[in-house]
Amino acid sequence: MNRLISKAALAVSLTVMTSSVLAESQTFQAGVTVQNAFVLTKDDDLDFGIIRATADLAGSALATLVLSANPATSPSTTTTDATLAEIAVLTAGTPASFTISGVSPFATLTITDPTETDISPDAAPSGTAGFTLSAPTYYVLTGATPNSAATTTIQVDSTGEATFNVGATLTTSAIATTADYIDGTYSGTFTLQLDY
Amino acid sequence: MLKYLVSLSFLLVTTAQARVTQLESLDFGKVVIQKNDRVSSITLLPSNTTTTTNDIYMFAKGHSAELAFEEYPAHIQLTISDFVNDEIVDNVYGGADFILNQLLYQNIITTDSYGSALLNIGGQLSTSGDSGSYYDGYYDATVEITINY
């Protein structure tokens, strides 16, 4: 009997030891991923089409061709003096198109307009008239507000994507030149910037 | 015979090793820092609900940490605590750092009849707000909790 009590006492003693206060520590990782960069892809260049153009060699009379960003809108022309400067559309052009991707869902991007850009003859004698490109316009094809004009911002959709067109106004030379337009291609490069 | 039974019982108690296993790390997700001229924050609750303030935008949601407690005594309370207080969360490329303001979790959990329990840990993360730039990439820190029982 005494031996039995002794064994029972040992068992109680062990139980008390395992129920004493213990402390342990455990580490784990906490992290976050930053993705501020996104992708802006040019799908198509801005093409004013094939035109007949006359420049005022004095650079005072101006003719313009407005190519809308909305693909359903036809191009339009104006002139301050048709006898001196004129643009006529022979074959309509197409607006530039861009795709945005890799943006957080429904984020709004701010547009920074391109600066006025010279559109110069790709091959012509010095002094030949050129054009200027200005007044960009924007038309959202897909995104949070599809099929709508945009002015200063574009909002992407739930997938973080949007597509949009860029139109602009082509204006005949506003500076004095020595030679009118010659047949050929005229081009220039502009920069479009979008920011969160 | 009783002697053997008592000896066996002792052996079982001493070899049962309480352990904590990290099933998930604490991941605040993928974010865009639009600007950093004021403090912005993400709060990720243990339930995985995320809220943001000011100039942080969620690109992809994250998840709370999940820790499994095993081989503890059955039906006991585990008291969880930590020393996190504005801990730096940085990346290897430099730039502005994030600040882990606090961890969010249930301070006391109870083990089940098998001596097991699960704990989800969220937290609050803030930007520096000092106009510093955040580079794209992964920012992390190692945090520690203490378990008392």
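These points describe chain A of a predicted model and the contact chain A makes with chain B.

1. Overall make-up of chain A. The chain contains 15 strands and one helix. Of its 196 residues, 28% count as buried. Among contacts between residues at least 6 apart in sequence, 73% join residues at least 24 apart.

2. An exposed or a covered strand? Strand β2 of chain A, residues 39–44, is hardly covered.

3. β2(A) runs antiparallel to strand β7 of chain A (residues 96–101), and five bridges join the two. One position to look up is A:Leu40, whose bridge partner in β7(A) is A:Ile100.

4. Size of the contact between the chains. Chain A puts 26 residues into the contact, and chain B puts in 45. On the chain B side, the elements giving two or more residues include α1 (2–15), β1 (19–24), β2 (26–33) and β12 (137–148). Of these elements, β12(B) gives the most, with twelve residues.

5. The residues of chain B that touch chain A divide into 29 nonpolar, ten polar and six charged.

6. Strand β1 of chain A (residues 23–34) pairs with β2(B) in the parallel sense, over four bridges. Within this pairing, A:Ala30 stands opposite B:Leu26. β2(B) is also among the elements that give two or more residues to the side touching chain A.

Notes:
Residues are numbered from 1 along each chain as its sequence is written. Chains are lettered from A and ligands numbered from 1 in the order in which they are written. This is a predicted model: local features need pLDDT of at least 70, side-chain atom pairs count only at pLDDT 80 or more; totals for chains, interfaces and linings use all residues. Two residues are in contact if their C-beta atoms, placed from the backbone, lie within 7 Å. Ala, Val, Leu, Ile, Met, Phe, Trp, Tyr, Cys and Pro count as nonpolar, Asp, Glu, Lys and Arg as charged, and the others, Gly among them, as polar. Two strands pair if DSSP finds at least two bridges between them. A residue is buried if 20 or more other C-beta atoms lie within 10 Å of its own, exposed if 12 or fewer, and partly exposed in between; C-beta atoms are placed from the backbone.
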